[in-house]
Amino acid sequence: MNIKTSAILAGVIFTSMSAPSWAETNLQTPSNVEILATKAVYLKNTQHQVTLPAGQQQLLVRFDSPENPHSTGQTMGFVNSAPVLLHFNLDDQATVTVKIPRLDTPQEINRFAKQPYFKLYNDDGSQLAVEQKVISMTGSPLLTDYNQLLNESVGATVVPVTMVKNTQEPHAVNPAVTQIDTTHLTAQQTDQLLQQLYQQANKEQRKNFIRWALEL
């Protein structure tokens with residue numbers, strides 16, 4: 001490893017430990033949206049709030065609401081949707097809020113439960129890009145292992161953009177990895193590029209990168 005490469009990698013490591021853009025994000029949902037499972041954090045029970053690290057996220061959510069939101073009866077029925085897989089990226093957001101349309105009638109609630117969709121918003125009100133897919137399932141929702149369902153749903157189809165899974169020896173060169181020409185970039189631009197690539201990596205890929213950079 002030459003001096004220039006070592007300096008760049010050292011900068012990535014230092015930035016990963018100190019940059020505020022890699023701070024954790026508080027993801028919140030309304031009372032009628034449940035977080036069932038996330039790839040980043042293991043959940044024993046459904047939640048309406050979870051703290052997530054920066055980077056690519058995959059999680060399951062579900063719409064769950066009284067059929068009549070204005071009823072005060074103790075025996076009111078509930079309507080829930082199939083789980084929905086959300087895939088998005090977190091950078092430096094302090095809080096991200098999941099939102100759905102306003103639903104006032106049983107007809108609107110039942111219609112939404114059949115075709116659920118969710119929007120994510122940052123603190124400043126801007127909308128976060130998100131991919132979503134309804135996950136079909138069988139069996140009782142009460143007996144479903146949603147962590148397992150999430151793993152089965154993600155499989156090998158949802159991967160961080162530009163990242164390549166390393167199945168070779170730690171120091172082997174992977175010919176399938178695209179080589180990036182950085183000769184035309186300034187030092188600041190190179191640092192920004194490395195930071196973006198690091199942010200798109202998952203926890204295990206980041207650990208492998210640090211080991212490689214330190215030649216462990």
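**Figure 1. Salt bridge between Arg62 and Glu34 in the predicted model.** The side chains of Arg62 and Glu34 form a salt bridge with an N to O distance of 2.6 Å; a salt bridge is defined as a side-chain nitrogen of Lys or Arg within 4 Å of a carboxyl oxygen of Asp or Glu. Because Arg62 belongs to strand E4 (residues 55-66) and Glu34 to strand E2 (residues 33-38), the pair ties together parts that are 28 residues apart in sequence. Helices (H or I, at least four residues) and strands (E, at least two) are DSSP runs, numbered from the N terminus. Both Arg62 and Glu34 are buried, where buried means under 20% relative accessible area, exposed over 50%, and partly exposed in between (1.4 Å probe, protein chains only). This is a predicted model, in which local features need pLDDT of at least 70 and side-chain atom pairs count only at pLDDT 80 or more, whereas totals for chains, interfaces and linings use all residues. Residues are numbered from 1 along each chain as its sequence is written, and side-chain values use heavy atoms, with hydrogens and water left out.

**Figure 2. Salt bridge between Arg102 and Asp104.** The closest N and O atoms of Arg102 and Asp104 are 3.1 Å apart. Arg102 is exposed, with a relative accessible area of 73%, while Asp104 is partly exposed at 29%. The whole structure contains two salt bridges.

**Figure 3. The largest nonpolar core.** A nonpolar core is a set of buried Ala, Val, Leu, Ile, Met, Phe, Trp, Tyr and Cys residues joined through side-chain atoms within 4.5 Å. The largest such core has 24 residues, of which Leu27, Leu59, Phe63, Leu86 and Phe118 touch the most other members. Two or more residues each come from E2, strand E3 (49-52), E4, strand E6 (84-90), strand E7 (95-99) and helix H2 (106-114). E6 gives the most, with four residues. A second, separate core of nine residues includes Leu36, Ala37, Leu149 and Val154.

**Figure 4. Surroundings of Phe63.** Residues up to four places away in sequence being left out, Phe63 touches Asn32, Val79, Asn80, Ser81, Ile100, Leu103, Ile109, Phe112, Ala113 and Phe118. Contact here means heavy atoms within 4.5 Å.

**Figure 5. The five-stranded open sheet.** The strands follow the order E3-E1-E7-E8-E9, with mixed pairing; two strands pair if DSSP finds at least two bridges between them. E3 and strand E9 (127-128) stand at the edges with a single partner strand each, so one side of each has no neighbour in the sheet. Strand E1 (residues 25-28) pairs with E7 in the parallel sense over three bridges, and Leu27 stands opposite Val96 in E7. E1 and E3 run antiparallel and are joined by four bridges, with Asn26 opposite Thr51 in E3. On E3, Val50 and Leu52 form the covered face, and Gln49 and Thr51 the uncovered one.

Figure 6. The mean pLDDT of the protein chain is 76, and 64% of its residues reach 70 or more; pLDDT is the predictor's confidence in each residue, from 0 to 100. Over residues 1-7, pLDDT stays under 50, and the model has five contacts beyond four places in sequence for this segment. Over residues 156-178, pLDDT also stays under 50, and there the model has 22 contacts beyond four places in sequence. Where pLDDT is low, the predicted coordinates should not be read in detail.
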